[in-house]
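Biologist: I would like to learn how to read aromatic pairs, sheets and disulfides in a model. Could you take me through them, giving the general idea before each case?

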Amino acid sequence: MPSDQSKSNRCRERSFLQKRRKYQKNIYISSNRSGEKNDIDIQAGALIDPLETPLNARVKCSQLEVSGGSMGHLLPFPCPFPIPMSIPISIAFSLLFLFLGAASPVLARSDDQTVCGSQEINEIADLRKLQHCTHVVGHVRLAYVDLDLDLDLTDVAGNYSLASLASNVTEISDYLMVYRCTGLISLQSIFPRLRIIRGQQLLFDQYSLVVYENRNLRELGLVELLRIQSGFIRVESNPLLCFVETVDWMYLMGNATRQHFSLKHNRPQSQCPLCRSLSADFEFIRNSSQRCWNVNTTQLRPQPLRLRDCPVACGQSGCDSAGKCCDHNCVTGCYSQNCSLCANYQGRMGCVNQCIASYEINRRKCIGHRECRDLGRIPLIRGYQCVEKCPGNQKEYLDAKGIIHCQVECNGDFHVKSAADLEVLQDCVTINGSLTIELTNIKEKIVDALENTLASVKEITGYLKVIHSAQLMALTFLQNLDAIRGDKLVENKYALYVVNNYHLEHIWPPNHLVIIQRGRLFFHLNPRLCYDKIQQLQGSLKSGENISVADVSPNSNGERVICGEAVRSLNPKVEDVNSTAVRIIMDYMDWDGMETLIGYSYHYKEAPVQNVTMYDGRHGCGHDNWLMDVVPNQSRRHVISGLKPYTQYAYFVKTLTRTEYHIQIDAYSKIAYFQTLPDRPSPVLRIYGSSEVSSQILLHWWPPSRPNGVIKNYFVTAEKHNVTKEVKDKNYANVELEIAKDSDCECVGLLPYYSGPQPDDEDYYNKEQITYEDALPNLIYVSRYHDYRRKEFEKVIDYEHLLTRKKTEAPTRPPTTTPAPTNATLDKEREAAINYENYRLTTEQKQRDLQDLDQNKYHIRHALPKCQDLHASVVQQVEEKCVVEEPLSGYELKGNQHFYCLSQLEPETHYRITIRACVEGVVNGCSTPAEAVIKTASLQLERFIKGV
């Protein structure tokens with residue numbers, strides 16, 4: 001029999017239902033994002049009927065939504081406390097309206113978009129900087145912020161609380177970093193409306209979201225976040241942080257194959273609650289999801305119109321009802337036209353990847369020239385940006401119509417000692433002054449910065465001075481320089497002043513003439529710059545004055561290299577190549593060359609495009625992208641090993657020679673190219689799997705870090721896996737990830753930075769001198785017993801003694817007429833000529849044999865071909881020198897597909913997943929399998945999610 005108390009409750013419920021009809025017209029109850037039936041969402045302006053709330057439900061403060069603005073965007077409110085239904089309903093809603101009244105003015109949405117720059121948050125007061133900011137053009141860094149654990153406490157001044165400091169930020173163009181913030185419970189209290197992190201500029205050039213070492217953080221709470229367009233994600237070392245594994249990071253990433261996420265050393269998932277697990281009265285809430293930011297808030301994951309039966313090229317972006325792929329550049333919809341949130345830039349006709357024939361504003365939108373002017377901004381031609389004020393080295397000026405423009409002004413004398421000094425010269429066309437280059441940091445990789453910054457310079461009104469810069473091998477970074485006017489001169493004489501540059505070998509680019517309108521040249525102490533190259537600048541002097549020896553010394557310039565006609569040309573060729581090595585062969589060196597030849601030096605670098613010159617990017621001290629092999633022998637073959645498969649390289653060769661006063665020979669080759677062959681790829685970098693349906697597993701994977709060719713196919717296999725009791729005891733309610741281990745060795749490539757001697761080396765500036773001095777003692781020998789004593793000088797005692805000395809008779813002169821050659825003389829000369837020719841041929845053959853010595857030493861291995869017999873035995877394979885092609889099993893997918901849905905699986909079962917990547921054109925060119933063990937969802941969990 002029901003008790004009197006239960007009857008009373010039923011009567012009270014009927015009374016509530018009758019009263020509810022009186023308020024029905026004023027009540028608006030919105031459906032929540034996940035379609036829950038028993039959770040109540042309340043919109044601003046609605047009258048709340050407490051009788052509408054079921055007794056076993058909780059008011060969903062964490063998803064309290066307020067509509068505002070023309071878009072009607074739904075704003076989530078942070079809930080400072082749960083409202084259990086055990087307390088009187090009137091008190092609960094009084095507390096609710098008290099919180100709503102305090103919070104709603106802060107989060108009211110406006111159509112106006114406020115843009116602000118990068119924000120550094122180091123104390124609570126700094127949070128107010130974000131209150132009136134909707135778009136952060138830059139980054140946001142929260143570091144060492146001390147927040148009181150009691151969210152209602154005010155600061156020292158007592159004029160605000162943490163809840164009142166929630167920001168209106170919806171977009172961050174660069175990155176978000178949260179580091180060592182104490183007292184911070186959830187980021188929802190600070191970023192309740194953040195929708196996208198673009199990652200245009202990354203933290204440490206890698207990360208777009210970093211949450212690291214926050215000891216009180218319990219949840220991320222970025223409830224509105226839809227996209228992290230670029231950059232890695234790192235959420236680590238937060239000891240109390242839950243709901244990290246429950247976020248669908250694959251959905252958030254804009255380019256999953258290039259982005260990675262690291263989730264380590266947070267609170268174990270087994271010690272965290274499940275998504276939508278318990279309500280305030282400790283009852284399970286139905287219609288929940290496996291993806292959430294906290295107990296109450298499901299992750300927003302707008303889905304396309306269709307995911308099934310779409311073209312493979314659509315990927316996870318899906319397609320519309322007509323089968324047209326959705327544009328992944330639109331975050332909130334399927335079509336880029338009229339998209340409310342674009343991943344990169346919003347153009348006139350829709351979302352675009354970059355601004356073309358338009359101007360970029362706030363790093364998120366493309367507008368036209370007139371629209372930029374209407375906004376009161378200045379359109380920049382360089383970079384096509386719409387800015388509020390001119391950049392650092394540009395100044396405003398008014399044209400005849402009174403319109404503001406930006407003009408680059410480079411006035412004054414500029415002294416470049418490091419890369420930081422180049423910023424003021426960016427975009428300079430005319431330097432109204434002088435330029436001095438004196439590079440002080442030997443290890444700094446500054447040559448590329450010089451090429452990027454000074455490429456636009458066309459005129460220097462003063463002088464150009466290059467001194468004490470061992471890093472420079474050429475002045476080709478001034479590739480567009482046309483004139484040095486010489487309005488100001490060094491010592492009132494010199495317009496081009498180049499002194500003490502140890503590795504300088506070249507001046508201007510080929511066929512480039514720089515006019516020196518006033519002043520002279522001064523070149524000294526450039527030991528590797530040939531004198532004849534300086535003489536070629538004679539035509540640059542507008543004055544017509546000849547270059548004097550006092551200004552350009554033939555002794556201190558080029559004394560350490562061989563110049564002029566003594567420089568010969570080499571003709572290297574690629575004789576053989578495989579995936580990791582190449583064999584280069586030279587033409588035979590002639591007799592004169594072999595007299596001084598010590599060996600060869602081979603220079604090579606990666607070159608995706610065949611536009612490399614010998615001096616582009618070259619660093620005199622070896623800190624560039626060029627690698628070098630020095631070979632101190634006279635063999636004309638050499639094997640360069642340790643190369644990357646399926647990569648194009650540029651290379652050139654020069655000789656190492658000893659120099660004597662009567663023999664000076666050196667040789668260089670031109671730039672040539674070769675490409676290595678493809679090879680087996682490294683394993684798939686990582687596997688990520690999830691199961692929200694009991695019969696399916698959705699897989700994502702990252703391509704190999706070393707593809708070593710064109711990935712043609714992926715092969716995916718799945719089989720039941722017997723697990724130990726220890727594994728069975730793990731919590732598989734959410735996704736259990738097993739990262740694929742790369743079983744292949746991590747090949748350590750040569751670093752160009754360390755390919756040459758270092759500044760601490762004794763012979764740092766003498767790269768080739770080391771080899772030269774080691775080989776020289778073997779060619780020169782002087783006897784220690786050589787008699788250097790002078791003969792005793794014969795003195796004359798007196799005049800008579802002088803007369804007694806015998807006069808040396810002068811030798812008889814041969815007759816002036818040459819006698820006619822006799823037959824014997826002719827035969828003797830003919831025999832001598834034949835003997836000399838035989839001696840020359842014999843010597844040359846010995847020299848050629850010396851250059852072809854140990855040919856087997858330079859053999860490179862190749863992969864075995866495929867056997868014709870598919871079932872060839874091991875003995876047959878050895879005899880025929882072939883290999884049997886291994887059979888491949890599993891689901892075959894195209895090389896540009898990095899996801900797959902496994903279906904028809906058994907519920908609550910562990911599956912061992914393997915994925916192999918295969919390269920086109922290589923026999924047995926598939927990687928070793930990458931493995932992961934993933935468990936399918938149970939039927940109970942699936943029904944629980946569906947609310948059945």
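Modeller: Let us begin with the rings, where Phe, Tyr and Trp rings pair if their centres lie within 6.5 Å. In this predicted model, Y604, Y649, Y651 and F674 form one aromatic cluster.

Biologist: How many aromatic pairs does this rule give, and how is the pair of Y207 and F232 arranged?

Modeller: A pair of aromatic rings is described by the distance of the centres and the angle of the planes. The rule gives 17 aromatic pairs. In the pair of Y207 and F232, the centres are 6.4 Å apart and the planes stand at 75°, an edge-to-face arrangement. This pair links distant parts of the chain, with Y207 in strand β12 (residues 207-212) and F232 in strand β14 (residues 232-236), 25 residues apart.

Biologist: Which charged residues lie over the rings of Y497 and F261?

Modeller: K465 lies over the face of Y497, at 5.4 Å from the ring centre, and the charged end of R686 sits over the ring of F261, 4.2 Å from its centre.

Biologist: Turning to sheets, what is the strand order in the open sheet of six strands, and which strands are at its edges?

Modeller: The order is β6-β8-β10-β12-β14-β15, with parallel pairing. The edge strands are β6 (119-121) and β15 (261-264), each of which pairs on one side only. From one strand to the next, the twist averages 5°. Looking at one pairing in detail, β6 runs parallel to strand β8 (residues 140-143) and is joined to it by three bridges; E120 has R141 in β8 as its bridge partner.

Biologist: How many disulfides does a search of the whole structure find, and how should I read their handedness?

Modeller: A disulfide is a covalent bond between the sulfur atoms of two cysteines. The search finds 15 disulfides. One of them joins C342 to C351, with an S to S distance of 2.0 Å; the torsion about the S-S bond is about -75°, so this disulfide is left-handed. Both C342 and C351 are buried.

Biologist: Where in the chain are C867 and C882?

Modeller: C867 is in the loop between α11 (823-851) and α12 (874-880), while C882 is in the loop between α12 and β46 (891-894), 15 residues apart. Their sulfur atoms are 1.9 Å apart in the disulfide, and with 95° about the S-S bond the link is right-handed.

Notes:
Residues numbered from 1 in each chain as written. Predicted model: local features only at pLDDT ≥ 70, side-chain atom pairs only at ≥ 80, totals over all residues. Heavy atoms only, no water. Phe/Tyr/Trp six-rings, centres within 6.5 Å; stacked < 30°, edge-to-face > 60°. Helix = DSSP H or I, 4+ residues; strand = E, 2+ residues; numbered from the N terminus. Lys NZ or Arg CZ within 6 Å of the ring centre and 35° of its normal. Pairing = 2+ DSSP bridges. Axes fitted to C-alpha atoms, helices over the stretch in contact; angles between N-to-C directions. Disulfide = S-S within 2.5 Å. Buried < 20%, exposed > 50% of the residue type's maximum accessible area, 1.4 Å probe, protein only.
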